[in-house]
Amino acid sequence: MKILKLILATIVLTGLASCDILDSQEPQQSLPTDEVVGDASGIDNLVTGMYDGLQDPAISGGNFNVLPEIMADNVSWSGSFANYARQASKSMLPGDGQIGDWWAISYREINTANVLLDAIGEIDDPDFTEADRSLTEGEARFVRGMLYFELARVFAKPWGFTGDNSHNAVPLRVDEGVQGVEDFQNLERDDLASVYAQAEEDLQEAADLLPDEGIRSDNRATRYAALGYLKRLEMTRGNFEEAAQYADEIISSGNFSLTDNPAGPFENEFSTESIFEIIHTSQDNPGVNDGQNAFYADTDRGGRGDIQYSANYVEALNSTVTEQQQSEIEAEGYTVTDTRENLITIDNEDVNATVKFPDGVNNADNVMNLRYAAVLLSRAEALVETATDINDVPQEAYDRLNEVRTRSIVVTDEDGLPQNSVIEFEDGDFADRQEMIDAILLERRVELAFEGDRFYTLKRRGLEIDGLSPDDNSITFPIPQGEIDANPDMDQNDGY
């Protein structure tokens, strides 16, 4: 897919106002857009290029997982990259490259989506059918909605920071794509309510247009990837009734199921649990000094070993079985193991690494973006939140939570026979809704560890992130210095 970079450079320009990037373009990189996307083949190439952009380690190919994770409490950063150390310690600088790249690559691919949406209405090619047009629109809208959401939840204060969410988020551009110097605009930041509304509109359109199947033959986005992001958006906005509905549609589709053990989604690409993941191969990956594999894999597995799991995480992992359940297990003479222990090198005191992404040699492990376990836990959380009290919580909420627990926590009797019912939660186990929410959040923390979820869960729940409030200035990413310098209408976030 790298061969498309020259094609993309002709029409997809990084940033919103940085006109200087055009000054460095070679003459052969100034083809008119209609010569690049004037037919079905051109459109297909650009869609491929857009997905190639998602693979970039600056965004969903790595840093969507890495940067928020090192800011929370499941891991610690031990590497030598000073900018990542600042990220982990919540002392980011506007000039940090990982911040600038998150912004720039996101807007580059938003622009790719805009160019596609412009072009599909103008294509006059018998090989470009109405079905092709609808699919292309769905894919472009999915990428644009996904990226606006991902941008806003790090470059803006949390949802609810202002009563009407009128606080600054990121600039929106959803009309014509940038194709030359004359198309650049100095855009102001739009408010968070508007950005999330645009993301919602795009993702809803994508859900209507994308294929209604679990995994496509080309492994690109489906209806359920769009629904997964809509669920994620509504959880962030605290709209639990809507989030529960989106989660239910994914569950009810019958397209997904948990793998036999918690390692399954990482040992088998596009498993039954996969809703959307970013492809990496030994020939096409972020490389040895970037992306999730380089940072998470320890040196014994060819990685850098820069991200180590924390003692705090081990404590959480060891507390998934409650004291009451442990007492019953001991009284019956049962044994219990949370098999998620197998996903960290817990037996090696010198290497505190996860083995979810072990291929530090080839860097070929895919990045898990959306998976079924997260949907089950979101459904459980949303059902509890929409209940009036603990007695009103439906049985399904317990069932969804237990579904994740009993896949990972194994209880056996002296004959080796399973006795997992002892660790299943049931009506009467929780004094109130908050106790049940806490149990769901603990399960979420352990199940989705090292996948970029913990930071966002703490943030949307209003919980402290390493002792800091989610609306602390140091939690919000700075607007990149290059954007501030190039655009006089761009406001910097407080504290930078």
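Leaving aside its neighbours within four places in sequence, with which residues is Gln325 in contact? Contact here means heavy atoms within 4.5 Å, and the residues are Thr320, Arg405, Val422, Ile423, Glu424 and Phe425. This is a predicted model, in which local features need pLDDT of at least 70, side-chain atom pairs count only at pLDDT 80 or more, and totals for chains, interfaces and linings use all residues. Residues are numbered from 1 along each chain as its sequence is written, and side-chain values use heavy atoms, with hydrogens and water left out.

Gln325 is found in helix H15, residues 323-332; helices (H or I, at least four residues) and strands (E, at least two) are DSSP runs, numbered from the N terminus. Gln325 has a relative accessible area of 6%, so it counts as buried (under 20% relative accessible area, with a 1.4 Å probe and protein chains only). Its side chain reaches the backbone nitrogen of Thr322 at 3.1 Å.

Salt bridges come next. Side chains of opposite charge can pair when their charged atoms come close. A salt bridge is counted when a side-chain nitrogen of Lys or Arg is within 4 Å of a carboxyl oxygen of Asp or Glu, and the count comes to 39. One of them joins Glu150 and Arg232, whose closest N and O atoms are 4.0 Å apart. Glu150 lies in helix H8 and Arg232 in helix H10, so this pair ties together parts 82 residues apart in sequence. Glu150 is buried at 2% relative accessibility, and Arg232 is buried at 18%.

Glu447 takes part in two further pairs. With Arg340 it forms a salt bridge at 2.9 Å, N to O; Arg340 is in the loop between strands S4 and S5, Glu447 is in helix H18, and they are 107 residues apart. Glu447 also forms a salt bridge with Arg407, again with 2.9 Å between the closest N and O atoms. Arg407 lies in helix H17, so this pair ties together parts 40 residues apart in sequence. Arg407 is buried, with a relative accessible area of 8%, and Glu447 is buried at 2%. A network of salt bridges includes Arg340, Arg407, Glu447 and Glu451.

A cavity is a set of points on a 1 Å grid over the protein atoms alone where a 1.4 Å probe fits but cannot get out, and its lining residues have an atom within 4 Å of a point. The largest is lined by 26 residues, with Arg153, Arg232, Asn369, Glu451 and Asp453 nearest its centre.

Methods. On a 1 Å grid over the protein atoms alone, a cavity is a set of points where a 1.4 Å probe fits but cannot get out, and a pocket is an open set with protein on both sides within 12 Å along at least five of seven lines; lining residues have an atom within 4 Å of a point. Buried means under 20% relative accessible area, exposed over 50%, partly exposed in between (1.4 Å probe, protein chains only). A polar contact is a pair of N or O atoms within 3.5 Å; within protein, one must be able to donate a hydrogen and the other to accept it, and residues adjacent in sequence count only if both atoms are side-chain atoms.
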